[in-house]
Amino acid sequence: MGVGYRYHDVYMNVFPLFQDKMPAFKLWNKTVDWWPDDQIKLRFVEDGDHYWFILYGGSDYKKDNTGFVKKVQMSENYQRFKAGYEKKAMLRFGIYKENTNPKRKERDGSMKKFDLEILKKAKSVYDIAFLQLPELAKDSVEWQCIIQQEQEEKSSGR
């Protein structure tokens with residue numbers, strides 16, 4: 001999983017990136033589709049030259065507490081999103097995969113290396129915060145997500 005940004009709509013889009021369409025589509029339908037827009041939380045926790053992308057919601061109806069956590073390299077796209085998101089963003093899922101079709105070309109005629117497909121379903125996110133890692137409360141959801149993710153990465157050798 002990665003994180004993508006799109007700026008050409010009325011509201012900026014942020015989208016977790018997946019490699020395969022069907023698992024992403026099923027995950028959206030099973031979880032995010034049930035999240036009320038006003039309960040979705042999007043957190044960016046800055047940590048030096050990286051940031052943690054943390055997205056979670058939940059559904060009382062589905063008794064679901066699925067979320068997304070990813071440590072991402074700081075980028076110009078992230079900085080642009082942070083500066084211009086205007087208190088609302090559109091959440092979508094994106095599929096980013098290697099291009100295997102030799103007919104798909106870049107504008108300069110070279111073979112396109114990757115394809116990006118943004119799925120049509122979207123949610124509005126209003127609860128967006130940019131935080132600093134040292135300032136997180138140790139009992140916060142964000143702190144717990146980061147600690148758990150770091151432990152999983154250490155145990156898997158990543």
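Which side chains meet in a salt bridge at 2.7 Å, N to O? They are those of Glu46 and Lys82. A salt bridge here is a side-chain nitrogen of Lys or Arg within 4 Å of a carboxyl oxygen of Asp or Glu. Glu46 sits in strand β3 and Lys82 in helix α2, so the pair ties together parts that are 36 residues apart in sequence. Helices (H or I, at least four residues) and strands (E, at least two) are DSSP runs, numbered from the N terminus. Glu46 is buried, at 10% relative accessibility. Lys82 is partly exposed, at 29%. Buried means under 20% relative accessible area, exposed over 50%, and partly exposed in between, with a 1.4 Å probe and protein chains only.

A word on the source. This is a predicted model, in which local features need pLDDT of at least 70 and side-chain atom pairs count only at pLDDT 80 or more, while totals for chains, interfaces and linings use all residues. Residues are numbered from 1 along each chain as its sequence is written, and side-chain values use heavy atoms, with hydrogens and water left out.

Now the other charged pairs. Side chains of opposite charge can pair when their charged atoms come close. The whole structure holds seven salt bridges. In one of them, Asp37 pairs with Lys123, and the closest N and O atoms are 3.4 Å apart. Asp37 lies in the loop between α1 and β3, and Lys123 in strand β9 (residues 123-125), so this bridge ties together parts 86 residues apart in sequence. Asp37 is partly exposed at 26% relative accessibility. Lys123 is buried at 11%.

Lys41 and Asp127 form another bridge, at 3.6 Å from N to O. Here too distant parts of the chain are linked: Lys41 is in strand β3, Asp127 is in strand β10 (residues 127-132), and 86 residues separate them. Lys41 is partly exposed, at 25% relative accessibility. Asp127 is also partly exposed, with a relative accessible area of 27%. Salt bridges with shared partners join Lys41, Arg43, Asp127 and Glu142 into one network.

Glu142 deserves a stop. It lies in helix α3 (residues 141-156). At 8% relative accessibility, Glu142 counts as buried. Its side chain makes a polar contact of 2.8 Å with the side chain of Tyr56. A polar contact is a pair of N or O atoms within 3.5 Å; within protein, one must be able to donate a hydrogen and the other to accept it, and residues adjacent in sequence count only if both atoms are side-chain atoms. Leaving aside residues up to four places away in sequence, Glu142 touches Arg43, Val45, Ile54, Tyr56, Leu131 and Leu136. Contact means heavy atoms within 4.5 Å.

Next, the nonpolar interior. A nonpolar core is a set of buried Ala, Val, Leu, Ile, Met, Phe, Trp, Tyr and Cys residues joined through side-chain atoms within 4.5 Å. The largest has 28 residues, and Tyr5, Phe44, Phe53 and Phe81 touch the most other members. Elements giving it two or more residues include β1 (2-6), α1 (21-30), β4 (50-56) and α2 (76-84). The largest share of this core, three residues, comes from β4. Apart from this core lies another, of eight residues, among them Val45, Trp52, Ile54 and Ile146. Beyond four places in sequence, the contacts of Tyr5 include Val14, Phe15, Phe44, Tyr51 and Phe81.

What about the surface? Tyr96, Phe114 and Leu116 make a nonpolar patch of about 290 Å². Tyr96 lies in strand β7 (residues 94-98). At 40% relative accessibility, Tyr96 is partly exposed. Its contacts beyond four places in sequence are Leu17, Phe18, Gln19, Phe114, Asp115 and Leu116. Patches are made of residues with over 30% relative accessible area and no salt bridge: like charges are joined within 9 Å, nonpolar side chains (Val, Leu, Ile, Met, Phe, Trp, Tyr) within 5 Å. Accessible areas come from the Shrake-Rupley method with a 1.4 Å probe; for residues, only the protein chains shown count as cover.

Two loops remain. Gly48 is in the loop between β3 and β4. It is exposed, with a relative accessible area of 66%. Most residues other than glycine have a negative phi. Phi of Glu86, however, is near 55°, a positive value. Lys87 has a positive phi of about 65°. Glu86 is exposed at 60% relative accessible area, and Lys87 is exposed at 61%.
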